[in-house]
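Please find below a colleague's note on the model.

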Amino acid sequence: MGAIDGGAAFLRMLTAAERRLAVLRALTARRRRVRRPRIASAALAVLIPAVLALAAATGDGPGGVLLAVGLSIAVLSLAACAALLLLVERPLNRRFAVEEHAMIEEVNRMRELFTHVAERDRWEERLKGSVRERLSRFPVEGGSLR
Amino acid sequence: MPDVWENTRSRWESVRHAVDGGGPGAAVGAATLHGRLGLSVNPIAVTGEAGAGKSVLYDALTQAIRTGDGDSSRSPDIEKHATVLRSGSRRTRAAVTVIPGQLSTQRERALHDTMRGAASPQGIVHVVCWGHNRIWQRGAQRDVHDALAADGVVDQEAVRDWHLRKEAADFRLLVDAIIDGQLATRLRWLVVVVSKTDLFWDRLDEARDHYIPGPPRRESPFAALLRDLENETSLRLSVLPMASRLIRHQFLPGLPAGTSQLDDTQIGALRTHLGQELQTLITQRNED
Ligand SMILES: Nc1nc2c(ncn2[C@@H]2O[C@H](COP(=O)(O)OP(=O)(O)OP(=O)(O)O)[C@@H](O)[C@H]2O)c(=O)[nH]1
Ligand SMILES: [Mg+2]
(Lines give C-alpha, C1' and ligand atoms only; values in the text may rest on other atoms or scores of the structure.)
(Ligands and ions follow the chains in the order given, each with its own letter.)
Protein backbone atom coordinates (compact mmCIF):
# COMPACT_ATOMS: atom_id res chain seq x y z
CA MET A 1 0.00 0.00 0.00
CA GLY A 2 1.50 3.27 -1.09
CA ALA A 3 1.64 6.58 0.69
CA ILE A 4 -1.23 9.00 0.32
CA ASP A 5 0.83 12.05 -0.52
CA GLY A 6 -1.77 14.47 -1.73
CA GLY A 7 -5.33 15.07 -2.81
CA ALA A 8 -4.99 13.22 -6.12
CA ALA A 9 -3.57 10.10 -4.46
CA PHE A 10 -6.32 10.31 -1.85
CA LEU A 11 -9.07 10.40 -4.44
CA ARG A 12 -7.48 7.55 -6.39
CA MET A 13 -7.40 5.46 -3.25
CA LEU A 14 -11.02 6.32 -2.51
CA THR A 15 -12.07 5.16 -5.96
CA ALA A 16 -10.09 1.94 -5.50
CA ALA A 17 -11.79 1.35 -2.14
CA GLU A 18 -15.19 1.88 -3.75
CA ARG A 19 -14.31 -0.73 -6.33
CA ARG A 20 -13.44 -3.13 -3.54
CA LEU A 21 -16.74 -2.39 -1.86
CA ALA A 22 -18.58 -3.28 -5.07
CA VAL A 23 -16.55 -6.49 -5.36
CA LEU A 24 -17.42 -7.34 -1.76
CA ARG A 25 -21.11 -6.78 -2.41
CA ALA A 26 -20.97 -9.11 -5.43
CA LEU A 27 -19.07 -11.70 -3.39
CA THR A 28 -21.71 -11.52 -0.67
CA ALA A 29 -24.40 -12.28 -3.21
CA ARG A 30 -22.39 -15.17 -4.62
CA ARG A 31 -21.73 -16.59 -1.19
CA ARG A 32 -25.45 -16.55 -0.53
CA ARG A 33 -26.09 -18.36 -3.82
CA VAL A 34 -23.63 -21.18 -3.19
CA ARG A 35 -24.74 -21.58 0.40
CA ARG A 36 -28.22 -22.67 -0.61
CA PRO A 37 -27.30 -25.84 -2.59
CA ARG A 38 -24.72 -26.71 0.05
CA ILE A 39 -27.31 -26.57 2.83
CA ALA A 40 -29.79 -28.52 0.69
CA SER A 41 -27.28 -31.29 0.00
CA ALA A 42 -26.33 -31.44 3.67
CA ALA A 43 -29.99 -31.78 4.56
CA LEU A 44 -30.44 -34.63 2.08
CA ALA A 45 -27.37 -36.43 3.41
CA VAL A 46 -28.84 -36.36 6.89
CA LEU A 47 -32.53 -36.80 6.13
CA ILE A 48 -32.38 -39.81 3.80
CA PRO A 49 -30.60 -42.16 6.23
CA ALA A 50 -32.84 -40.87 9.02
CA VAL A 51 -35.98 -41.66 7.07
CA LEU A 52 -34.63 -45.09 6.07
CA ALA A 53 -33.71 -45.87 9.66
CA LEU A 54 -37.10 -44.76 10.87
CA ALA A 55 -38.83 -46.90 8.29
CA ALA A 56 -36.68 -49.89 9.31
CA ALA A 57 -37.49 -49.41 12.97
CA THR A 58 -41.23 -48.98 12.61
CA GLY A 59 -42.20 -51.49 9.98
CA ASP A 60 -40.85 -54.12 7.67
CA GLY A 61 -38.36 -51.58 6.34
CA PRO A 62 -37.61 -50.38 2.84
CA GLY A 63 -36.83 -52.89 0.17
CA GLY A 64 -33.25 -53.66 -0.89
CA VAL A 65 -33.41 -51.54 -4.01
CA LEU A 66 -34.93 -48.56 -2.28
CA LEU A 67 -32.32 -48.85 0.45
CA ALA A 68 -29.46 -48.94 -2.06
CA VAL A 69 -30.81 -45.99 -4.03
CA GLY A 70 -31.50 -43.97 -0.90
CA LEU A 71 -28.09 -44.57 0.55
CA SER A 72 -26.29 -43.74 -2.67
CA ILE A 73 -28.19 -40.48 -2.96
CA ALA A 74 -27.24 -39.71 0.62
CA VAL A 75 -23.57 -40.42 -0.06
CA LEU A 76 -23.64 -38.34 -3.22
CA SER A 77 -25.27 -35.47 -1.35
CA LEU A 78 -22.61 -35.67 1.30
CA ALA A 79 -19.89 -35.56 -1.33
CA ALA A 80 -21.56 -32.63 -3.07
CA CYS A 81 -21.83 -30.81 0.22
CA ALA A 82 -18.15 -31.35 1.02
CA ALA A 83 -17.09 -30.35 -2.47
CA LEU A 84 -19.13 -27.14 -2.39
CA LEU A 85 -17.77 -26.29 1.01
CA LEU A 86 -14.12 -26.98 0.25
CA LEU A 87 -13.88 -26.00 -3.39
CA VAL A 88 -16.31 -23.11 -3.64
CA GLU A 89 -17.33 -21.61 -0.32
CA ARG A 90 -14.04 -21.71 1.53
CA PRO A 91 -12.02 -19.98 -1.22
CA LEU A 92 -14.84 -17.47 -1.60
CA ASN A 93 -14.82 -16.73 2.11
CA ARG A 94 -11.07 -16.40 2.15
CA ARG A 95 -11.13 -14.00 -0.76
CA PHE A 96 -13.91 -12.03 0.92
CA ALA A 97 -11.95 -11.72 4.16
CA VAL A 98 -8.81 -10.55 2.37
CA GLU A 99 -10.66 -7.95 0.30
CA GLU A 100 -12.64 -6.72 3.27
CA HIS A 101 -9.58 -6.37 5.46
CA ALA A 102 -7.73 -4.43 2.78
CA MET A 103 -10.68 -2.14 2.21
CA ILE A 104 -11.23 -1.33 5.89
CA GLU A 105 -7.52 -0.72 6.33
CA GLU A 106 -7.47 1.76 3.44
CA VAL A 107 -10.64 3.50 4.44
CA ASN A 108 -9.46 3.97 8.00
CA ARG A 109 -6.29 5.57 6.71
CA MET A 110 -8.35 7.91 4.57
CA ARG A 111 -10.59 8.78 7.50
CA GLU A 112 -7.53 9.83 9.46
CA LEU A 113 -6.01 11.80 6.59
CA PHE A 114 -9.12 13.42 5.18
CA THR A 115 -9.04 16.73 7.09
CA HIS A 116 -5.32 17.15 6.52
CA VAL A 117 -5.49 16.49 2.79
CA ALA A 118 -8.56 18.70 2.36
CA GLU A 119 -6.86 21.58 4.16
CA ARG A 120 -3.57 21.20 2.37
CA ASP A 121 -5.06 21.02 -1.07
CA ARG A 122 -7.63 23.69 -0.23
CA TRP A 123 -10.54 21.56 -1.29
CA GLU A 124 -13.78 23.37 -1.94
CA GLU A 125 -16.72 22.73 0.37
CA ARG A 126 -18.46 20.78 -2.38
CA LEU A 127 -15.59 18.36 -2.85
CA LYS A 128 -15.20 17.97 0.92
CA GLY A 129 -18.89 17.26 1.22
CA SER A 130 -18.87 14.64 -1.50
CA VAL A 131 -15.76 12.89 -0.11
CA ARG A 132 -17.35 12.88 3.32
CA GLU A 133 -20.44 11.29 1.85
CA ARG A 134 -18.41 8.68 -0.01
CA LEU A 135 -16.41 7.77 3.09
CA SER A 136 -19.70 7.44 4.97
CA ARG A 137 -20.69 4.51 2.75
CA PHE A 138 -18.03 2.25 4.24
CA PRO A 139 -18.40 0.24 7.43
CA VAL A 140 -16.21 0.93 10.47
CA GLU A 141 -15.06 -2.65 10.87
CA GLY A 142 -15.26 -5.95 9.10
CA GLY A 143 -18.24 -8.20 9.57
CA SER A 144 -21.10 -5.87 8.76
CA LEU A 145 -21.32 -6.78 5.08
CA ARG A 146 -21.77 -10.47 5.60
CA MET B 1 -25.27 40.89 32.60
CA PRO B 2 -22.24 38.74 33.35
CA ASP B 3 -20.65 37.38 30.22
CA VAL B 4 -21.68 33.79 29.56
CA TRP B 5 -18.06 32.83 28.92
CA GLU B 6 -16.94 34.41 32.18
CA ASN B 7 -19.42 32.11 33.88
CA THR B 8 -18.18 29.14 31.92
CA ARG B 9 -14.64 29.92 32.96
CA SER B 10 -15.44 30.32 36.60
CA ARG B 11 -17.35 27.05 36.59
CA TRP B 12 -14.31 25.39 35.00
CA GLU B 13 -12.04 26.96 37.61
CA SER B 14 -14.22 25.82 40.49
CA VAL B 15 -14.02 22.25 39.24
CA ARG B 16 -10.26 22.53 38.95
CA HIS B 17 -10.12 23.93 42.45
CA ALA B 18 -12.13 21.03 43.79
CA VAL B 19 -9.85 18.51 42.09
CA ASP B 20 -6.74 20.22 43.37
CA GLY B 21 -8.13 19.84 46.87
CA GLY B 22 -9.35 23.34 47.65
CA GLY B 23 -13.04 23.46 47.00
CA PRO B 24 -16.12 21.43 47.80
CA GLY B 25 -15.12 17.84 47.30
CA ALA B 26 -16.61 14.96 45.50
CA ALA B 27 -18.93 14.08 48.35
CA VAL B 28 -21.58 16.67 47.49
CA GLY B 29 -24.57 14.62 46.39
CA ALA B 30 -22.55 12.33 44.19
CA ALA B 31 -24.29 12.22 40.84
CA THR B 32 -23.71 9.25 38.64
CA LEU B 33 -25.49 7.47 35.88
CA HIS B 34 -26.65 3.96 36.61
CA GLY B 35 -27.12 1.45 33.85
CA ARG B 36 -30.76 0.56 34.04
CA LEU B 37 -33.50 -0.06 31.57
CA GLY B 38 -36.28 2.45 31.59
CA LEU B 39 -38.42 4.63 29.43
CA SER B 40 -36.49 6.47 26.81
CA VAL B 41 -37.06 9.90 28.17
CA ASN B 42 -34.43 12.61 27.93
CA PRO B 43 -32.57 11.49 24.85
CA ILE B 44 -28.91 12.48 24.98
CA ALA B 45 -26.32 12.00 22.25
CA VAL B 46 -22.60 11.64 22.85
CA THR B 47 -20.59 12.94 19.91
CA GLY B 48 -16.93 13.58 19.15
CA GLU B 49 -14.00 12.40 17.06
CA ALA B 50 -12.76 8.83 16.91
CA GLY B 51 -10.61 7.95 19.90
CA ALA B 52 -11.65 11.03 21.88
CA GLY B 53 -12.98 9.03 24.81
CA LYS B 54 -16.73 8.77 24.27
CA SER B 55 -17.17 5.11 25.15
CA VAL B 56 -14.93 5.36 28.19
CA LEU B 57 -16.68 8.53 29.34
CA TYR B 58 -19.99 6.76 29.25
CA ASP B 59 -18.54 3.87 31.22
CA ALA B 60 -17.08 6.27 33.77
CA LEU B 61 -20.36 8.06 34.27
CA THR B 62 -22.10 4.76 34.86
CA GLN B 63 -19.20 3.71 37.08
CA ALA B 64 -18.82 0.65 34.97
CA ILE B 65 -15.02 0.75 35.06
CA ARG B 66 -13.16 -1.30 37.63
CA THR B 67 -9.46 -1.14 38.18
CA GLY B 68 -7.77 -3.71 36.03
CA ASP B 69 -10.37 -3.67 33.29
CA GLY B 70 -9.00 -3.95 29.79
CA ASP B 71 -8.70 -0.86 27.67
CA SER B 72 -11.37 0.32 25.29
CA SER B 73 -11.25 -0.42 21.57
CA ARG B 74 -12.65 1.19 18.46
CA SER B 75 -16.43 1.11 18.62
CA PRO B 76 -17.74 -0.61 15.52
CA ASP B 77 -21.26 0.64 15.96
CA ILE B 78 -23.70 2.86 17.79
CA GLU B 79 -23.81 2.33 21.56
CA LYS B 80 -27.23 2.84 23.07
CA HIS B 81 -28.09 2.77 26.75
CA ALA B 82 -31.06 3.60 28.91
CA THR B 83 -29.82 4.97 32.21
CA VAL B 84 -30.93 6.62 35.39
CA LEU B 85 -29.08 9.68 36.55
CA ARG B 86 -29.07 10.10 40.29
CA SER B 87 -28.06 13.09 42.32
CA GLY B 88 -28.91 12.80 45.98
CA SER B 89 -32.54 11.76 45.98
CA ARG B 90 -33.28 13.01 42.50
CA ARG B 91 -33.50 10.55 39.68
CA THR B 92 -33.69 11.34 36.05
CA ARG B 93 -34.08 8.95 33.20
CA ALA B 94 -31.88 9.38 30.17
CA ALA B 95 -31.46 7.49 26.91
CA VAL B 96 -27.84 7.89 25.97
CA THR B 97 -26.63 7.20 22.43
CA VAL B 98 -22.94 7.21 21.61
CA ILE B 99 -22.49 8.18 17.96
CA PRO B 100 -19.49 6.51 16.27
CA GLY B 101 -16.76 9.02 15.56
CA GLN B 102 -15.68 7.75 12.14
CA LEU B 103 -17.44 8.66 8.92
CA SER B 104 -19.20 5.37 8.20
CA THR B 105 -22.50 3.65 7.49
CA GLN B 106 -22.83 3.04 11.22
CA ARG B 107 -22.39 6.73 11.99
CA GLU B 108 -24.90 7.71 9.31
CA ARG B 109 -27.43 5.30 10.71
CA ALA B 110 -26.83 6.60 14.24
CA LEU B 111 -27.24 10.20 13.16
CA HIS B 112 -30.34 9.33 11.20
CA ASP B 113 -31.91 7.51 14.13
CA THR B 114 -31.11 10.08 16.79
CA MET B 115 -30.63 13.49 15.24
CA ARG B 116 -32.13 13.88 11.79
CA GLY B 117 -35.66 14.79 10.83
CA ALA B 118 -38.10 14.42 13.67
CA ALA B 119 -35.55 12.67 15.88
CA SER B 120 -33.60 14.95 18.18
CA PRO B 121 -31.79 14.59 21.46
CA GLN B 122 -32.49 17.20 24.09
CA GLY B 123 -28.83 17.40 24.91
CA ILE B 124 -25.48 16.71 23.30
CA VAL B 125 -22.36 15.72 25.18
CA HIS B 126 -19.55 16.59 22.78
CA VAL B 127 -16.30 14.91 23.77
CA VAL B 128 -12.94 16.48 22.95
CA CYS B 129 -9.48 15.72 24.34
CA TRP B 130 -7.12 18.54 23.45
CA GLY B 131 -5.36 16.52 20.78
CA HIS B 132 -4.91 13.31 22.75
CA ASN B 133 -7.01 11.14 20.44
CA ARG B 134 -6.18 7.51 20.15
CA ILE B 135 -5.39 6.41 16.59
CA TRP B 136 -6.55 2.83 16.59
CA GLN B 137 -4.75 1.56 13.55
CA ARG B 138 -1.06 1.10 12.88
CA GLY B 139 -1.37 2.03 9.19
CA ALA B 140 -3.09 5.31 10.03
CA GLN B 141 -0.43 6.07 12.65
CA ARG B 142 2.23 5.65 10.00
CA ASP B 143 0.35 7.95 7.65
CA VAL B 144 0.09 10.65 10.30
CA HIS B 145 3.77 10.28 11.02
CA ASP B 146 4.67 10.58 7.32
CA ALA B 147 2.39 13.55 6.72
CA LEU B 148 3.84 15.40 9.72
CA ALA B 149 7.40 14.50 8.77
CA ALA B 150 6.82 15.99 5.33
CA ASP B 151 5.94 19.32 6.96
CA GLY B 152 8.51 19.44 9.75
CA VAL B 153 9.28 17.76 13.04
CA VAL B 154 7.18 14.94 14.40
CA ASP B 155 6.74 15.68 18.08
CA GLN B 156 3.82 15.59 20.45
CA GLU B 157 2.84 19.19 19.71
CA ALA B 158 2.64 18.42 16.01
CA VAL B 159 0.45 15.39 16.67
CA ARG B 160 -1.74 17.38 19.05
CA ASP B 161 -2.16 20.07 16.42
CA TRP B 162 -3.10 17.40 13.87
CA HIS B 163 -5.91 16.17 16.08
CA LEU B 164 -7.04 19.65 17.05
CA ARG B 165 -7.52 20.53 13.40
CA LYS B 166 -9.58 17.40 12.86
CA GLU B 167 -11.53 18.06 16.01
CA ALA B 168 -12.40 21.59 14.90
CA ALA B 169 -13.44 20.39 11.43
CA ASP B 170 -15.67 17.77 13.02
CA PHE B 171 -17.18 20.30 15.46
CA ARG B 172 -17.78 22.72 12.61
CA LEU B 173 -20.01 20.17 10.87
CA LEU B 174 -22.02 19.69 14.04
CA VAL B 175 -22.32 23.41 14.78
CA ASP B 176 -23.28 24.34 11.22
CA ALA B 177 -25.88 21.61 11.07
CA ILE B 178 -27.40 22.72 14.38
CA ILE B 179 -27.44 26.39 13.41
CA ASP B 180 -28.96 25.60 10.01
CA GLY B 181 -31.63 23.51 11.67
CA GLN B 182 -30.62 20.31 9.84
CA LEU B 183 -29.75 18.38 12.95
CA ALA B 184 -31.14 18.03 16.45
CA THR B 185 -33.98 20.48 16.05
CA ARG B 186 -35.23 20.06 19.62
CA LEU B 187 -31.83 20.45 21.20
CA ARG B 188 -31.75 22.43 24.45
CA TRP B 189 -28.20 22.15 25.67
CA LEU B 190 -24.70 21.13 24.67
CA VAL B 191 -21.82 20.31 26.97
CA VAL B 192 -18.28 20.25 25.66
CA VAL B 193 -16.53 17.67 27.80
CA VAL B 194 -12.77 18.14 27.73
CA SER B 195 -11.75 14.60 28.48
CA LYS B 196 -8.41 12.98 29.34
CA THR B 197 -7.37 16.03 31.42
CA ASP B 198 -5.39 13.61 33.59
CA LEU B 199 -2.87 13.60 30.74
CA PHE B 200 -2.44 17.40 30.65
CA TRP B 201 -3.50 18.66 34.06
CA ASP B 202 -0.28 20.70 34.20
CA ARG B 203 -1.39 22.55 31.06
CA LEU B 204 -5.05 22.85 31.93
CA ASP B 205 -5.10 26.63 31.39
CA GLU B 206 -4.01 26.21 27.80
CA ALA B 207 -6.73 23.65 27.22
CA ARG B 208 -9.32 25.92 28.88
CA ASP B 209 -8.33 28.83 26.67
CA HIS B 210 -8.48 26.63 23.62
CA TYR B 211 -12.05 25.53 24.25
CA ILE B 212 -13.72 28.43 26.05
CA PRO B 213 -14.19 31.62 24.07
CA GLY B 214 -12.36 34.23 26.02
CA PRO B 215 -10.48 37.44 26.22
CA PRO B 216 -10.42 37.89 22.47
CA ARG B 217 -6.70 37.72 21.96
CA ARG B 218 -6.40 34.75 19.75
CA GLU B 219 -9.46 32.58 19.83
CA SER B 220 -9.03 29.04 18.59
CA PRO B 221 -11.24 27.88 15.70
CA PHE B 222 -13.02 25.66 18.20
CA ALA B 223 -13.80 28.52 20.57
CA ALA B 224 -14.96 30.63 17.65
CA LEU B 225 -17.43 27.90 16.71
CA LEU B 226 -18.73 27.75 20.25
CA ARG B 227 -19.19 31.50 20.17
CA ASP B 228 -21.17 31.15 16.90
CA LEU B 229 -23.38 28.58 18.57
CA GLU B 230 -24.01 30.97 21.45
CA ASN B 231 -24.80 33.85 19.11
CA GLU B 232 -27.03 31.95 16.73
CA THR B 233 -29.00 29.68 19.04
CA SER B 234 -30.54 29.79 22.49
CA LEU B 235 -28.81 26.60 23.62
CA ARG B 236 -27.43 26.35 27.11
CA LEU B 237 -23.72 25.79 26.63
CA SER B 238 -21.16 24.49 29.04
CA VAL B 239 -17.51 23.42 28.97
CA LEU B 240 -16.10 21.16 31.68
CA PRO B 241 -12.87 19.25 32.31
CA MET B 242 -13.09 15.52 32.78
CA ALA B 243 -10.97 12.39 33.11
CA SER B 244 -12.65 9.04 32.74
CA ARG B 245 -9.84 6.68 33.54
CA LEU B 246 -6.13 6.79 34.12
CA ILE B 247 -4.36 5.32 31.16
CA ARG B 248 -1.05 6.26 29.65
CA HIS B 249 -1.07 7.82 26.25
CA GLN B 250 1.37 7.63 23.41
CA PHE B 251 0.92 10.15 20.63
CA LEU B 252 2.64 7.95 18.07
CA PRO B 253 4.92 4.93 18.27
CA GLY B 254 8.39 6.29 18.94
CA LEU B 255 7.25 9.33 20.87
CA PRO B 256 7.50 9.30 24.68
CA ALA B 257 4.39 8.09 26.50
CA GLY B 258 2.54 10.45 28.81
CA THR B 259 1.20 9.21 32.12
CA SER B 260 -1.72 10.33 34.24
CA GLN B 261 -1.16 13.26 36.58
CA LEU B 262 -4.26 12.63 38.68
CA ASP B 263 -5.35 9.93 41.10
CA ASP B 264 -8.59 8.02 41.54
CA THR B 265 -10.03 10.49 44.06
CA GLN B 266 -9.42 13.34 41.70
CA ILE B 267 -11.07 11.71 38.72
CA GLY B 268 -13.91 10.87 41.10
CA ALA B 269 -14.30 14.59 41.75
CA LEU B 270 -14.32 15.37 38.05
CA ARG B 271 -16.92 12.70 37.44
CA THR B 272 -19.13 14.06 40.19
CA HIS B 273 -19.04 17.56 38.83
CA LEU B 274 -19.87 16.46 35.33
CA GLY B 275 -22.67 14.24 36.63
CA GLN B 276 -24.15 17.16 38.53
CA GLU B 277 -23.94 19.41 35.53
CA LEU B 278 -25.74 16.85 33.37
CA GLN B 279 -28.39 16.41 36.03
CA THR B 280 -28.95 20.16 36.18
CA LEU B 281 -29.20 20.49 32.42
CA ILE B 282 -31.60 17.59 32.08
CA THR B 283 -33.95 18.65 34.84
CA GLN B 284 -33.85 22.28 33.79
CA ARG B 285 -35.23 21.17 30.49
CA ASN B 286 -38.01 19.24 32.12
CA GLU B 287 -39.07 22.21 34.17
CA ASP B 288 -39.41 24.78 31.44
N1 LIG C 1 -5.71 8.90 30.23
C2 LIG C 1 -6.95 8.82 29.77
N3 LIG C 1 -7.25 8.02 28.72
C4 LIG C 1 -8.53 7.99 28.29
C5 LIG C 1 -9.56 8.75 28.89
N6 LIG C 1 -10.72 8.52 28.22
C7 LIG C 1 -10.42 7.64 27.25
N8 LIG C 1 -9.11 7.30 27.27
C9 LIG C 1 -8.42 6.38 26.36
O10 LIG C 1 -8.57 6.86 25.04
C11 LIG C 1 -8.81 5.81 24.13
C12 LIG C 1 -10.09 6.06 23.37
O13 LIG C 1 -11.21 6.03 24.22
P14 LIG C 1 -12.66 5.55 23.71
O15 LIG C 1 -13.66 5.96 24.76
O16 LIG C 1 -12.65 4.15 23.33
O17 LIG C 1 -12.83 6.46 22.41
P18 LIG C 1 -14.13 6.69 21.54
O19 LIG C 1 -14.39 8.16 21.51
O20 LIG C 1 -15.26 5.84 21.99
O21 LIG C 1 -13.59 6.25 20.11
P22 LIG C 1 -14.41 5.59 18.86
O23 LIG C 1 -15.16 4.42 19.42
O24 LIG C 1 -13.35 5.22 17.88
O25 LIG C 1 -15.32 6.65 18.32
C26 LIG C 1 -8.84 4.54 24.96
O27 LIG C 1 -7.57 3.92 24.88
C28 LIG C 1 -9.12 5.04 26.35
O29 LIG C 1 -8.63 4.22 27.35
C30 LIG C 1 -9.20 9.59 30.00
O31 LIG C 1 -10.03 10.30 30.58
N32 LIG C 1 -7.90 9.59 30.39
MG1 LIG D 1 -16.09 4.23 21.23
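1. The second largest pocket has a volume of about 670 Å³. A pocket here is an open set of points on a 1 Å grid over the protein atoms alone, where a 1.4 Å probe fits, with protein on both sides within 12 Å along at least five of seven lines. The volume is the space filled by probe spheres set on the points, which are joined across faces, edges and corners.

2. This is a predicted model: local features need pLDDT of at least 70 and side-chain atom pairs pLDDT 80 or more, whereas totals for chains, interfaces and linings use all residues. Residues are numbered from 1 along each chain as its sequence is written, chains are lettered from A in the order in which they are written, and side-chain values use heavy atoms, without hydrogens and water.

3. The second largest pocket is lined by 37 residues (an atom within 4 Å of a point). Nearest its centre lie B:G51, B:D71, B:R134, B:W136 and B:K196. α2(B) gives the largest share of this lining, three residues.

4. Chain A contributes 21 residues and chain B 23 residues to their contact (heavy atoms within 4.5 Å). The area buried between them is about 2100 Å², 53% of it from carbon and sulfur atoms; this is the accessible area (1.4 Å probe) lost on putting the two parts together, summed over both.

5. Four salt bridges cross the interface of chain A and chain B (a side-chain nitrogen of Lys or Arg within 4 Å of a carboxyl oxygen of Asp or Glu). One of them joins A:R120 to B:D151, with the closest N and O atoms 3.2 Å apart.

Note on methods: Helix = DSSP H or I, 4+ residues; strand = E, 2+ residues; numbered from the N terminus.
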